[in-house]
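Here is a short walk through one protein chain.

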Amino acid sequence: MLGRPEYRRALVFCGLIGVPVALIAFWFLVAVHQLEQLIWTDWPKDLGWEKAPWWWALPLLTPAGLVVGVVAARFPGRGGHVPAGGLHSGGITRKALPGVLIAALVGLPLGAVLGPEAPLIAMGGGLALLFARLARAPETEASTALLSAAGAAAAVSALFGNPIVGAVLLIEVAGVGGPQLFAVMLPALLASGVGDLIFTGFVRWTGFETGSLDIGLPTPPPLDWTDVLWALLLAPALAFLVHGAFVGGRFAARFVAARTVRRTALCALAAAVCITLYAVATGRSPAEAALSGESTLSDLARDPHAWPVGALIAVLAFKGLAYALCLGSLRGGPVFPALFLGGASGVLLAPLPGLGLVPAMAVGMAASVTAALRLPVSSVVLVVLLLGNVDTVALVVLAAVMSFVLVQRLPQGPAVPAAGERPSDPAPD
């Protein structure tokens, strides 16, 4: 295949398409970030508050739900995939791009408990097909799939700042390799994690050296057997909780399908109520329970002691409920809220005997994001990248594999329509 002229032309074309797609993805992310900063930080301060008041989410998420509901009911592509159905790489056409952009640029900055990765994947694939049409490239089933995947990978790599994450994520999302992919990959991933634990243990216990790729950066305390035991206990529990949020999201999606506009706004209002209850119960900013949690996760990791136990429990409860509602009604991605919920769970559980902050956050984030994505390799790569700590890779692998196996065996809830599909009994209002 590599020797075929048409494949080499397609490869060059994909590389060229990556340039404008990445630039547009960059400005999309800048717009989302700046709008979030403006709405949740700058405007409250301009109006005389130190932080957003407790009721701030109510007048924001309700109109966001109305706009997303109209997009889902009237626009081609329905604004993109319903997040409760997980990440998808197909189903978005050129005509769906306006709806995807409107739903994301309205819902995400106004407080939807979702991330930008799903709109980026849809936008990247749609833009690649648009540029191919403008360049009058031949359109076949194979070329369309290739260009869509390339555009989606270019866009999502701009989000994670790492081409490896984008490539691995799209391999799993697109299902390259068919049903046998996970059957082969999961045992290899688990064996690699166990092998790393055993190897690390023998180096510590025997004192012998085998050569290392370590370049001398400072490392945290080495893993202990208690870390492994806690990982085996906590990963299934956290996976079960995140899976419960997704099942709730699928029921919310089913509820919304019957009266799209009205019930989308109702679910958004219910999510705003959850965010408001968090602010009232804790006296903290409602922004901590709203939005994707990306910036809040960074603050949490830098200063975990700034979060009392009550605030951690409250944010897990209320943000988790808002997450479930947004998964079924609004448009966005499931990655960053799941990472935040896993990280907050790790901070809450870190004082357990023999555990510690870094291993607890590693296990929590790996178990949660794997339960959300059902993509174990992508989840491992993403969590390791975020932690920047190779010494916890074995724990991350164990947590991801256990989470994936568990959620595959649990009841999944009702089916969610893919992008562009209509429910059997829609009534858009």
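Val407 sits in helix 15 (residues 393-409); helices here are DSSP runs of H or I with at least four residues, strands are E runs of at least two, and both are numbered from the N terminus. The model is predicted: local features need pLDDT of at least 70, side-chain atom pairs count only at pLDDT 80 or more, and totals for chains, interfaces and linings use all residues. Residues are numbered from 1 along each chain as its sequence is written, and side-chain values use heavy atoms, with hydrogens and water left out.

Is Val407 buried or exposed? Val407 is buried, at a relative accessible area of 0%. Buried means under 20%, exposed over 50%, and partly exposed in between (1.4 Å probe, protein chains only). Leaving aside residues up to four places away in sequence, Val407 touches Ala239, His243, Ala371, Arg374 and Gln412. Contact means heavy atoms within 4.5 Å. Val242 is 165 residues from Val407 in sequence, yet their C-alpha atoms are 9.3 Å apart.

Now the core. The largest nonpolar core has 110 residues, and Trp40, Tyr323 and Leu339 touch the most other members. Such a core is a set of buried Ala, Val, Leu, Ile, Met, Phe, Trp, Tyr and Cys residues joined through side-chain atoms within 4.5 Å. Helix 13 (residues 357-373) gives the most to this core, eleven residues. Beyond four places in sequence, the contacts of Tyr323 include Val113, Phe246, Pro334 and Ala372.

Finally, the whole. The protein has 15 helices and zero strands. Of its 429 residues, 50% are buried.
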